[in-house]
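Thanks for making the time this morning. I would like to take you through one structure, starting with where its chains meet and ending with the space left inside.

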Amino acid sequence: MELLTFFEWLESSMLGQAAKSYGGVYAMFQSAHLFSMALLGGTVLLTDLRLLGVLFRDVPSNVVADNAHKWFKVALAIILGTGVFMVAGVAIKCYHNSFFWYKMTALATGIAFVFAVKRPLLNQDHELLKPWILKSVAIASILVWFTVAATGRWIGFS
Amino acid sequence: MINELLLNFAEWLGSQPSSQNLIGSFYMWNWIESTHVLTLMVFLGMLFVIDLRMLGLTLTNVPATKVNDRLNIPMIIGFAIMITTGFILYYANPVHETQSIWFRFKVVLLVAAGINAWLFHRALKASSGSWDMDALAPKRLRIGAALSLGLWTLVIIMGRLMAYDWFDCDKPQGAFINWAVGCNIQ
C-alpha cells in the first residue's frame, strides 16, 4: 500500500506531469534509454564474450573488462536517469504491471551482481582465477542482462 | 507518383494472409519486435565500441583495426537478425509504416548510415597500419565514427517516434506534411 502511495505521488509530481505532458520529450528520453541500453549491451557482451574465450583471445581479459566497465557505468547511469523519468509518466500503470516488477527485480539483481560479484572478481589478476569461475560469471552476466532487456521490452506489451 | 507506388505496394503486401496473421498474432508480433530490439543492442553495442575506439575513448591499448576486425562478426550477426526482423515488422503493418513520416526518415537515415559504414571501411582498408596503436584514429576515420554514432542515434529516435501518431493520415495537417507522409492519394 505504501509503495502504491509512492507511485501515485511520483505520477502526480512535477516529473510525472512533465513526462505526461510533453510527448516529444518523453520520446527523447525513451530514445536515450534505448541508446544507453545498446551501449550497456555492447560492454556486457564485450567483457563476457572475452571471458568465454570467444572474442579478443589475444588481448588480456583484464584490459577488455576494465575498458568496458567504464562505459558500462556511463550507460547504467543514463539508463537509470531516463528510466525514472519514463516510469514517472506512467507510474501507477507500472505499479500494476507484473513485467515492470520482473524487470526491476532483474535490474537490481544485475546491478548487485556487477558491483558485488563481477567487478570485485575481475579486479583481480584473471590469470590467477580458475577459468570455470570466469566463464560462469560471464554466462550469469549475459543471462541476467538479457532478462533485464527482455522483461523491459515486455512491459509495453502487457 | 512515388507515394502512389509505395502505397500500392504496401496495400498489396498488407493484403497477404500471412501479413494479416502476423499483425493479428499478439505473441508472434511481440516476439519479433522484442528480437528486433534485443539484436539492436548486439549490433549497436558492438558498433559503439568500434566507434569509441576510433575516437580514442576506449580500448586505446588495443590496435584499432583489431577491435574493428574482431567485433565485425558479432556486429554483422546482430545486424542480420535486426534487419530481418525489421522487414518482418514492416510486412506485418505495411500501409501504416509506409504512411509514417518517422519510418520514412528512418529509412533515409539507414541508407545514410549504410553509405557512411561503406566509406568508413573503405578508408580503414586504405589507411596504413602505422596509426593502429595510436589512441586516436586518423581524422577521416574519426569523422566516420562520429557520423556513425550520430546517424544511429537518429535512427533510434525515429524508430522510437514511430510509436507516436502525431502525423498520421487521419490528423488534420498541411499539404506538405500530407505529401511527405504519402496521405490523400486518390
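This is a predicted model: local features need pLDDT of at least 70, side-chain atom pairs count only at pLDDT 80 or more; totals for chains, interfaces and linings use all residues.

Let me begin with the contact between the two chains, to which chain B brings 36 residues and chain A brings 31. The area buried between chain B and chain A comes to about 3000 Å², with carbon and sulfur atoms giving 76% of that area. As for polar interactions, seven residue pairs are in polar contact between chain B and chain A, both residues being at pLDDT 80 or more. On the side of chain B that touches chain A, α3, α4 and α7 of chain B each supply at least two residues, and the largest share, 18 residues, comes from α3(B). By class, that side of chain B has 25 nonpolar, seven polar and four charged residues. The rule also finds three salt bridges across this interface, and one of them joins the side chains of D58(A) and K66(B), at 2.9 Å from N to O.

The largest cavity holds about 90 Å³ of space, and its lining includes H69(A), F72(A), K118(A) and R119(A).

The second largest cavity, at about 80 Å³, is lined by residues including W145(A) and K103(A), together with M41(B). The largest share of this second lining, three residues, comes from α7(A), and by class the lining has eight nonpolar residues, no polar ones and one charged.

Methods. Residues are numbered from 1 along each chain as its sequence is written. Chains are lettered from A and ligands numbered from 1 in the order in which they are written. Side-chain values use heavy atoms; hydrogens and water are left out. Contact means heavy atoms within 4.5 Å. Buried area is the accessible area (1.4 Å probe) that two parts lose on being put together, summed over both. A salt bridge is a side-chain nitrogen of Lys or Arg within 4 Å of a carboxyl oxygen of Asp or Glu. A polar contact is a pair of N or O atoms within 3.5 Å; within protein, one must be able to donate a hydrogen and the other to accept it, and residues adjacent in sequence count only if both atoms are side-chain atoms. Helices (H or I, at least four residues) and strands (E, at least two) are DSSP runs, numbered from the N terminus. Ala, Val, Leu, Ile, Met, Phe, Trp, Tyr, Cys and Pro count as nonpolar, Asp, Glu, Lys and Arg as charged, and the others, Gly among them, as polar. On a 1 Å grid over the protein atoms alone, a cavity is a set of points where a 1.4 Å probe fits but cannot get out, and a pocket is an open set with protein on both sides within 12 Å along at least five of seven lines; lining residues have an atom within 4 Å of a point. Grid points are joined across faces, edges and corners, and a volume is the space filled by probe spheres set on the points.
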